[in-house]
Amino acid sequence: RRLGDTTRLSEGLSWWIAAKLYGPVSVADGLALFEEIGPQLPMGRVAPWVLTVQGQFLAAQGRFDEARESIRRGHRLAEEMGLLLVRGGSSLHAAAVELYAGDLGAAERELRRGDELLAAVGETGYRSTVATMLADVLVRSGRDEEADSLLGEIEGLVREDDFDPQVRLLSVRARIAARRGDVVEAERLAREATSIADSTDH
């Protein structure tokens, strides 16, 4: 900030925000932090992230109206600034809000919109996470064949060093295999997913 490098500041804040969401910070402490830093944020790609992550924290407290409003504000800001990657990637937080609320249909719509936007700009990192989360929602909705087809389409996008979509892809496939009665394959996939997850602190 002192050097006036807003690009690096925004990138650093984005990772800091992610650490607060996925790290050991409590929901109450996370929201307090966002309320503190909100007025100090530079305009740019970080502001939509803050708003959508804040929405996910609010949903974790059951404050769904406030959560959805925060999501809408973040999405609107990203669209106004032409930040399609941010808009697409933040569908993860919008979907998480709907999953907390128990609305699988709304979560699916958010993820499909995010997947479309990310595909349009040729992005693969966030898209692999969004798409595997969409497959998870489809399985929860009882649409195993559709989920399996989607995983086949995007499997090649999942990088070896990106454990989140790796674990989700394997976990979803394990559930599909179990429902098909292939217990041996389901257990193999589940153990592989667990092994990857155990190697991280996520």
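Does Val172 count as buried or exposed, and at what relative accessibility? At 0% relative accessibility, Val172 counts as buried, where buried means under 20% relative accessible area, exposed means over 50%, and partly exposed lies in between (1.4 Å probe, protein chains only). The structure examined here is a predicted model, in which local features need pLDDT of at least 70 and side-chain atom pairs count only at pLDDT 80 or more, while totals for chains, interfaces and linings use all residues. Residues are numbered from 1 along each chain as its sequence is written, and side-chain values use heavy atoms, with hydrogens and water left out.

The predictor's confidence in each residue is given by pLDDT, on a scale from 0 to 100. The chain has a mean pLDDT of 89, with 88% of its residues at 70 or more. Residues 1-5 have a pLDDT below 50, and beyond near neighbours in sequence this stretch has two contacts in the model; a contact means heavy atoms within 4.5 Å.

Of the 202 residues, 46% count as buried. Among contacts with a separation of 6 or more, 60% come from residues 24 or more positions apart.

Back at Val172, this residue lies in helix H10. Leaving aside residues up to four places away in sequence, Val172 touches Thr132, Ala135, Asp136, Val139 and Leu151. Val172 also belongs to the residues with the most contacts inside the largest nonpolar core, which has 21 residues. Such a core is a set of buried Ala, Val, Leu, Ile, Met, Phe, Trp, Tyr and Cys residues joined through side-chain atoms within 4.5 Å. Two or more residues of this core come from each of helices H6 (91-100), H7 (104-120), H8 (125-140), H9 (144-154) and H10 (163-179), and H8 gives the largest share, eight residues. Leu150, another of the residues with the most contacts in this core, touches Ala131, Leu134, Ala135 and Leu138, again not counting residues up to four places away in sequence. A second, separate core of 14 residues includes Ile17, Phe34, Val53 and Ala59. In soluble globular proteins, nonpolar side chains tend to be buried together.

The structure holds 21 salt bridges, each defined as a side-chain nitrogen of Lys or Arg within 4 Å of a carboxyl oxygen of Asp or Glu. Asp136 pairs with Arg175, their closest N and O atoms being 2.5 Å apart. Because Asp136 lies in helix H8 and Arg175 in helix H10, this pair ties together parts that are 39 residues apart in sequence. Asp136 is buried, with a relative accessible area of 10%, whereas Arg175 is partly exposed at 31%.

Glu146 forms a salt bridge with Arg112, with 2.6 Å between the closest N and O atoms. Glu146 belongs to helix H9 and Arg112 to helix H7, so parts 34 residues apart in sequence are tied together. Glu146 is partly exposed, with a relative accessible area of 32%, and Arg112 is partly exposed at 29%. A network of salt bridges links Glu108, Arg112, Arg143 and Glu146.

Notes: Helix = DSSP H or I, 4+ residues; strand = E, 2+ residues; numbered from the N terminus.
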